[in-house]
Amino acid sequence: MLKHGMARWLGLAGLIVVLDQISKQWVEHALDYGDRIPLTGFFNLVLTYNPGAAFSFLAGAGGWQRHFFTVLAVVVSAVIVSMLRKQHAQTGIALALSLILGGALGNVIDRVLYGHVIDFIQLYYGQFYWPAFNIADSAICVGAVLMVLDSLRKPSAGASQPD
């Protein structure tokens, strides 16, 4: 049986997965590959596929990266669940871990089902375009930032405490 706090954080990770998958399916049905719909002066919807990792890292590596990133995401997810069991009562780190877990699982579903990750959010400024990403990627990035912020708030184990 899951502890109440643990269930809350796994539920949040599940919500991220559901929102990610729904948004990807909506974009897949609304756009053709490569279509771009300008929404603001800095934001487009665009359907693109990423066989690599974040920001198309290793996208042209020949196919092995699909399996590597799938296995990596599953291992990282198992480690995160283990960490959540120990730290579910610590809101900051538990929130960060839940976002990373949901994002990792959202993208691993794409890799398993399609062999690539579906990306559709494109931000730009002038002629500079950030690589397209999705809700799962956003959750991973926000979770990573929260994890860093949480670690900066805590005194290190070796630091002397003021008297």
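I began with the residues through which α3 and α4 touch, taking contact as heavy atoms within 4.5 Å: Gly92, Ile93, Leu95, Ala96, Leu97, Leu99, Ile100, Gly103, Ala104, Gly106 and Asn107 in α3 meet Ala136, Asp137, Ala139, Ile140, Val142, Gly143, Ala144, Leu146, Met147 and Asp150 in α4. I sorted the residues of this contact and found 14 nonpolar, five polar and two charged, where Ala, Val, Leu, Ile, Met, Phe, Trp, Tyr, Cys and Pro count as nonpolar, Asp, Glu, Lys and Arg as charged, and the others, Gly among them, as polar.

I note that this is a predicted model, in which local features need pLDDT of at least 70 and side-chain atom pairs count only at pLDDT 80 or more, while totals for chains, interfaces and linings use all residues. Residues are numbered from 1 along each chain as its sequence is written, and side-chain values use heavy atoms, with hydrogens and water left out.

Next I looked up the geometry of the pair, with helices taken as DSSP runs (H or I, at least four residues) numbered from the N terminus. The axes of α3 (residues 91-114) and α4 (residues 135-153) come within 7 Å and cross at roughly 155°, the axes being lines fitted to C-alpha atoms over the stretch in contact, with angles from 0 to 180 degrees between N-to-C directions. That makes α3 roughly antiparallel to α4, a label for angles over 145 degrees. I recorded the crossing as left-handed, the near helix being turned anticlockwise from the far one by less than a right angle.

I then turned to Ser98, which has its place in helix α3 and is buried (under 20% relative accessible area, 1.4 Å probe, protein chains only), its own value being 0%. Not counting residues up to four places away in sequence, Ser98 touches Trp9, Leu12, Ala13 and Leu84.

I followed Leu84, which lies in helix α2 (residues 64-87) and likewise counts as buried, at 0% relative accessibility. Beyond its neighbours within four places in sequence, Leu84 is in contact with Met6, Trp9, Leu10, Ala94, Leu97, Ser98 and Leu101. I also noted that Leu84 and Ala7, 77 residues apart in sequence, are 9.9 Å apart in space, C-alpha to C-alpha.

Last, I checked the aromatic pairs (ring centres within 6.5 Å, using the six-membered ring for Trp) and counted three. The rings of Tyr124 and Tyr129 have centres 4.9 Å apart and planes at 20°, so this pair is stacked, as planes under 30 degrees apart are. Tyr124 is buried at 15% relative accessible area, whereas Tyr129, at 36%, is partly exposed, the class between 20% and 50%.

Conventions
Helix = DSSP H or I, 4+ residues; strand = E, 2+ residues; numbered from the N terminus. Parallel < 35°, antiparallel > 145°, perpendicular 65-115°, else oblique. Phe/Tyr/Trp six-rings, centres within 6.5 Å; stacked < 30°, edge-to-face > 60°.
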